[in-house]
Amino acid sequence: MTLQLPLGIRLRDLATLENFIPGRNNELYAWLGEHAGGVAGRPLYLWGASGLGKTHLLHAACHHAHRAGRSAFYLPLEQGGQFAPQILDGIEHYPLLALDNIDCVMGLPQWEHALFTLYNRAQDQGSQLLITANVAPAQLGCTLPDLRSRLGWGLVYQLQDIDDADKMQALQRRAAQRGLVLGDDVVAYLLKRVPRDMPTLFALLERLDQAALAAKRKVTIPFVRELQGW
Amino acid sequence: MANALWESCLELLENELSPQQFNTWIRPLHAVEQQGRIQLLAPNRFVKDWVQERLMKQISETLCQLDNGSAVKVSLEIGTQQPPAIDPTAKLPAPSSPAPQFSRQEDAGGFGHRNSLKPEFTFDTFIEGKSNQLPRAAALQVAENPGAAYNPLFIYGGVGLGKTHLMHAVGNMIMARNPRARVIYVHSERFVGDMVKAFQHNTIDGFKRYYRSADALLIDDIQFFANKERSQEEFFHTFNTLLEGQRQVILTCDRYPKEVGGLEERLKSRFGHGLTVAVEPPELETRVAILINKALQRRIVLPNEAAFFIAKRIPSNVRDLEGALNRVHAHARFTGRPIDTEMVKEALKDLLAMQDKQVTIDNIQKTVSEYFKIRYSDLLSKKRSRSIAYPRQIAMTLARELTSHSLPEIGEAFGGRDHTTVLHACRKMVNERRNTARVSEDFSNLLRILTT
């Protein structure tokens, strides 16, 4: 069966390992590349402030696993309020389990308990666990000591911010993915004028992309200046 | 390719849905494709209901669109996929079958897959220290004389102190001496889960037979039996049957039996009939020995001073020690450097940092004015004397490097200055830092104060 993508489909900002700029996180990055698609390693606990790319890495790991023929389950626990802990039932059978923002369900006994038993089942099953949170395991406010001590047992990494040169590269790579050319001069211009956290920068890119598409113009400094009213 | 249609559908949906939706609800579905019929397997009822309610319509439409408008029959069930090489028919249910599809493991209703002893948890790999001498000696006696020495053996203590290790060590020794012995290790959660499943599947007799036929039953973390009356009831009978038959029972718990809330009195009193021993947190020397031993097992070269350094900083429990060792090992593998104290410091930098210190502009301004002994208000003022301008420029540069604020924001925070002023300061400081020893020193001092 040969299939063609329908015309007019918008290119999405797919999160892959290739379009993540590791910067100072290169050790973690290498580890993920090795374990997301291949043999399961120790559970990974990844923590850091928001906007550094934790979610990106989890999505990328799922993508990577899928490409390698392994199934994966991703769960955003910041939406935990919409789910019941029963969503964790049976998911240990997935070779890759990505649990995003577990800090959001800490202090909730049912969730902590469900995560604890999932952790044990995943270990028995040999599934790779990838967990993210905004703080280190000790600061998590986890009331179940059994869970807390297990979270610190695997590999714990703090995700570090990347520098401006890397941010420039990240922006250009994402722009290229969308078929948008973003010159060095434009990116340097932007980095001097807006907050330099990646979510802000990517949101700005989205806005530029839409506006450029609508106006059928290239993204240049004058265009940016006009759009932003600078 | 068997799942070509579903793979194409995935490609389209990946573009249409948010990454969250796609990775949580769509990608985890296992597809079984046969004769134009697609069966999707969800891991549990929750996922199935969610997908059914919110995404099934979109899935069907996408599939139809891909199959040139023909109505592809698609159904959604609960189940897990077995690797096709083992049994290609196991995942294909009868079309009308309303029952959820379970993998063969669960299907069997058997409990035999639950008694797995970890071979690496032996007495040889258990590091003895003052904190665990007594429980180790007791466990060894039980292993040498199961069912007779102390029955039950009740080991309690905090998390990550080696209770599970000791329990497995006993099991492994019993098996080594008598390979035909039936040793069952189970976490109390599993016991409860198996029992619930047995009731659901009407296999409770099999459940009882399985646990009551053990020569040694090891149940971990019995505090999780709290408030589960039915499980306690069943466990009580199992427990009595085993004890009467002089079969060994070993239990672990995070606290002294009498202190476990939500547990029946008759159980608590039974637990006390044998021997109750506590494991304490390991003292420094034991922690060092544990690290060295773990490193040895994993063929990691860990010098004594490096082990001491880790053990001093991780006082809590063995899991945390192992977490630190994991991190050091990963760092050594990645960098190709041998492990020494300096390298350990580097590898554990963020693990040892108690809190992710959020550096703010305000924080930088206060620290810099304190460091140069000038007034905070001067830093924000219009004054341009060298004694004020230099600290101000350093502070601006630090704000640029340590926060993600924009130049205009930084300028604004320094008494409403223009962003070009900030840019000028940053450029100047980068230069001076390279060429002037004093500036470079001031910078590294301030960086250290602000980031550690």
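Asn172(B) sits in helix 7 of chain B, which spans residues 163-177 (helices are DSSP runs of H or I, at least four residues, numbered from the N terminus). In this predicted model, local features need pLDDT of at least 70 and side-chain atom pairs count only at pLDDT 80 or more, while totals for chains, interfaces and linings use all residues. Residues are numbered from 1 along each chain as its sequence is written, chains are lettered from A in the order in which they are written, and side-chain values use heavy atoms, with hydrogens and water left out.

With a relative accessible area of 18%, Asn172(B) is buried (under 20% relative accessible area, 1.4 Å probe, protein chains only). Leaving aside residues up to four places away in sequence, Asn172(B) is in contact with Leu117(B), Lys118(B), Pro119(B), Phe121(B) and Thr122(B) (heavy atoms within 4.5 Å). A polar atom of the Asn172(B) side chain lies 2.9 Å from the backbone oxygen of Phe121(B).

Turning to the interface, 67 residues from chain B and 69 residues from chain A take part in the contact. About 5700 Å² is buried between the two chains, with carbon and sulfur atoms giving 53% (the accessible area, 1.4 Å probe, lost on putting two parts together, summed over both). Asn15(B), Arg27(B) and Arg319(B) supply 11% of the area that chain B buries there, more than any other three residues.

Five salt bridges cross the interface (a side-chain nitrogen of Lys or Arg within 4 Å of a carboxyl oxygen of Asp or Glu). Arg190(B) pairs in this way with Asp124(A), their closest N and O atoms being 3.1 Å apart. Helix 14 (residues 318-335) of chain B gives the most to the side that touches chain A, with 10 residues.

Note on methods
Helix = DSSP H or I, 4+ residues; strand = E, 2+ residues; numbered from the N terminus. Buried < 20%, exposed > 50% of the residue type's maximum accessible area, 1.4 Å probe, protein only. Polar contact = N/O pair within 3.5 Å; in protein donor to acceptor, adjacent residues only side chain to side chain.
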